[in-house]
Amino acid sequence: MTDTLHIIGGGMAGSEAAWQAANAGISVVIHEMRPKVETFAHQTGLLGEMVCSNSFRSDDDEQNAVGLLHWEMRAANGLIMACADKNRLPAGGALAVDRDPFAQTVTDTLLAHPNITVEYGEITELPKDGKWIIATGPLTSGALAEAIATETGAEALAFFDAIAPIVYFDSIDMSKAWMQSRYDKGETEEERTAYLNCPMDKQQYDDFIDALLEADKTEFREGETAGYFDGCLPIEVMAERGRETLRHGPMKPVGLTNPHQPDVKAHAVVQLRRDNKLGTLYNIVGFQTKMKYGAQTDVFKQIPGLENARFARLGGIHRNSFINSPTLLD
């Protein structure tokens, strides 16, 4: 056992760790509980599955810190970046992928490596000996999370993360919507038209904010805290922080010109990004939500161009667990 590296968790962190160790000549076993034990957010049993957005954010390695991290991972022969590049979708200056083929590529690549094996099943306790990496992430199973909390002597930090809905492209009214990346960003026409845009005037925006604030929301269970990850706030929580918040966040109308009304500046714009290579699915950018399903369809159909939208997936909220790392690192 001591000659083998065991990695708990086959998400992106565990997959990358396994790849780097295996290429260094180390024998690796990945322990992944899915598909035997499922989570709220995962849809498959594939390694490296993206459970929320299909975007790795900016890919600009000269002007953006996230893009620089992408450059470093590519320079280190990183598995995740290689698989992302292979399954890349047009997204302006961002790195977005076709999520299922991306995860399939990660899985196939790892399973084909002679130094890597995968064992499926839940690890419920911290290992007592051997070499282990725990890469279970925010969706760590309850039993293992309790074992980690007991070992560290600190309560797990918990906040809630939300998922954005996905719409079928053929249900979008393109007489109202149009294709354009913000500021026409991108080196090719496909990149410059990577986003689908739905404009709102001031009255439509005000009505939309009212609907968000009044909609039925998912209630937290007893003992749960309503802390949120600020980088992925539900849109209704953003709306509660001020009626103009969304106009200066995911619905900002800058860098876009509506070809249907080129002389009219939109008060706000909802953007959708392609979610698969075929272009049949689009996710609503920045529209993570904790609204109940019925309320989601009612509210989102108020968006111009989405009046007859059909949803491949509605948004949702789930609990994330993290340990207080600064108190544990030496």
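Which residues in α3 meet which residues in α4? From α3 come L79, I80, C83, A84 and K86. Their counterparts in α4 are F102, T105, V106, T109 and L110. By type, the residues of this contact divide into seven nonpolar, two polar and one charged. The model is predicted.

**Helix packing**

Two packed helices are described by the angle between their axes and the distance between the axes. Helix α3 spans residues 79–86, and helix α4 spans residues 99–111. Their axes come within 9 Å. They cross at roughly 130°. That angle makes α3 oblique to α4, because it lies between the perpendicular range of 65 to 115 degrees and the antiparallel cut-off of over 145. The crossing of α3 and α4 is right-handed.

**Salt bridges**

The count of salt bridges comes to 15.

| Pair | N to O distance | Relative accessible area |
|---|---|---|
| D85 and R88 | 4.0 Å | D85 33%, R88 33% |
| E190 and R274 | 3.7 Å | E190 47%, R274 16% |
| R243 and D206 | 3.9 Å | R243 35%, D206 17% |

Take D85 and R88. Their closest N and O atoms are 4.0 Å apart. D85 counts as partly exposed, at 33% relative accessibility. R88 is also partly exposed, with a relative accessible area of 33%.

Next come E190 and R274, whose side chains meet in a salt bridge. This pair links distant parts of the chain. E190 sits in helix α6 (residues 189–192), and R274 sits in strand β12 (residues 268–274). The two are 84 residues apart. E190 is partly exposed. R274 is buried, because its relative accessible area of 16% falls under the 20% cut-off.

R243 forms a salt bridge with D206. R243 lies in the loop between α8 (235–240) and β12, while D206 belongs to helix α7 (residues 202–214), so the pair ties together parts that are 37 residues apart in sequence. R243 is partly exposed, with a relative accessible area of 35%. D206 counts as buried, at 17% relative accessibility.

Which residues do salt bridges with shared partners join into one network? They are D59, R74, D85 and R88. Two of these, D85 and R88, form the salt bridge at 4.0 Å described above.

Methods
Residues numbered from 1 in each chain as written. Predicted model: local features only at pLDDT ≥ 70, side-chain atom pairs only at ≥ 80, totals over all residues. Heavy atoms only, no water. Axes fitted to C-alpha atoms, helices over the stretch in contact; angles between N-to-C directions. Helix = DSSP H or I, 4+ residues; strand = E, 2+ residues; numbered from the N terminus. Parallel < 35°, antiparallel > 145°, perpendicular 65-115°, else oblique. Left-handed = near helix turned anticlockwise from the far one by under 90°. Contact = heavy atoms within 4.5 Å. Nonpolar A, V, L, I, M, F, W, Y, C, P; charged D, E, K, R; others polar. Buried < 20%, exposed > 50% of the residue type's maximum accessible area, 1.4 Å probe, protein only.
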